[in-house]
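Work through the exercises below with the sequence and model open. Each task is followed by its solution in steps.

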Amino acid sequence: MQDPKVLVALDYADIDQCMAFVEQLEPGSCRLKVGKEMFTLFGPQLVKELHNKGFEVFLDLKFHDIPNTVAKAVAAAAELGVWMVNVHASGGRRMMEAAKAALEPYGDKRPKLIAVTVLTSMDQSDLLELGIELSPMQQVERLATLTKQSGLDGVVCSAHEAKMLKSLLGEEFSLVTPGIRPTGSAQGDQRRIMTPVEAVTAGSDYLVIGRPITQADSPAEVLTTINAELSA
Ligand SMILES: O=C(O)c1cc(=O)[nH]c(=O)n1[C@@H]1O[C@H](COP(=O)(O)O)[C@@H](O)[C@H]1O
């Protein structure tokens with residue numbers, strides 16, 4: 001597989017369980033996402049170990065802070081050699097531009113830089129409580145447009161917004177979609193969900209999938225099935 005679409009979310013509290021899972025995977029079949037739980041528990045060493053095993057890593061720490069702090073944080077991610085890193089679009093234009101500028105010295109070797117729009121665990125009622133009177137679709141459109149104007153490579157959104165964003169922001173602007181649920185798997189805390197094939201058909205470039213794979217009886221088999229469905 002040339003450019004694997006599945007980014008497996010490694011949300012494990014136990015490093016041995018995590019590595020036993022990783023051992024079952026081929027680096028060509030997926031990329032691995034290290035998020036807040038595992039990075040807090042195991043730090044940059046985990047990322048280095050995954051790199052040593054040949055995997056590309058999406059460092060999902062969703063930075064959101066003043067521009068100077070976020071710029072330094074994404075530069076630190078570039079030093080680690082990760083494939084992708086993210087910030088929250090709601091940190092605003094100056095924060096995103098500072099993050100982008102911090103990666104310029106890394107040239108072709110820089111990680112892809114994307115921004116989270118509206119979390120896939122949120123729906124209209126969550127936005128209302130925050131004082132946002134737009135629908136999730138409208139708020140995603142607003143934040144994704146700002147992200148593109150700030151020069152970033154793409155956004156994290158739900159697959160429900162993928163079709164609208166592809167036609168508005170173009171093919172080259174990457175869409176990374178969590179909230180992916182193969183038919184029959186539990187929704188959990190996710191709200192705006194879609195199946196892998198539906199998401200890619202809608203325009204998703206990369207699918208973030210965690211629990212439906214990592215908590216399956218045979219995780220590697222689930223990943224193989226998803227990849228087969230996607231290439232069919
Ligand atoms: O940035 C993310 O990856 C992310 C953004 C978002 O809006 N929703 C979301 O679920 N995620 C991450 O995607 C993963 C989804 O995991 P599962 O719900 O287990 O498939 C988790 O690691 C989340 O932190």
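UniProt, in an unreviewed entry, lists residues 5–226 as "domain: Orotidine 5'-phosphate decarboxylase"; its positions are given in the numbering used here, feature names are shortened, and annotations may be inferred rather than shown by experiment. Residues are numbered from 1 along each chain as its sequence is written. The model is predicted: local features need pLDDT of at least 70, side-chain atom pairs count only at pLDDT 80 or more, and totals for chains, interfaces and linings use all residues.

**Exercise 1. Describe the secondary structure over residues 5–226 and the arrangement of the strands.**

Step 1. Helices (H or I, at least four residues) and strands (E, at least two) are DSSP runs, numbered from the N terminus.

Step 2. Eight strands close into a barrel with parallel pairing, in the order β1-β2-β3-β4-β5-β6-β7-β8. On average, neighbouring strands of this sheet are turned by 25° against each other, direction ignored.

Step 3. Strands pair if DSSP finds at least two bridges between them. Strand β4 (residues 84–88) pairs with strand β5 (residues 112–116) over five bridges, in the parallel sense. Val-87 has Ala-115 of β5 as its bridge partner.

**Exercise 2. Characterise the packing of helix α3 against helix α4.**

Step 1. Axes are lines fitted to C-alpha atoms, for helices over the stretch in contact, and angles run from 0 to 180 degrees between N-to-C directions. The axes of α3 (residues 67–80) and α4 (residues 93–103) come within 8 Å and cross at roughly 35°.

Step 2. Contact requires C-beta atoms, placed from the backbone, within 7 Å. Residues of α3 in the contact include Val-70, Ala-71 and Val-74, and those of α4 include Ala-98, Ala-99 and Ala-102.

Step 3. By class, this contact of α3 with α4 has twelve nonpolar, one polar and one charged residues. Ala, Val, Leu, Ile, Met, Phe, Trp, Tyr, Cys and Pro count as nonpolar, Asp, Glu, Lys and Arg as charged, and the others, Gly among them, as polar.

**Exercise 3. Which residues around the ligand come nearest, and which elements supply the shell?**

Step 1. A residue is near a molecule if its C-beta atom, placed from the backbone, lies within 6 Å of it. Of the 20 residues around the ligand, the nearest are Ala-9, Leu-119, Pro-178, Gly-210 and Arg-211.

Step 2. At least two shell residues come from each of β3 (57–63), β8 (206–209) and α9 (211–214).

Step 3. The shell divides into eight nonpolar, eight polar and four charged residues.

Notes:
Two residues are in contact if their C-beta atoms, placed from the backbone, lie within 7 Å.
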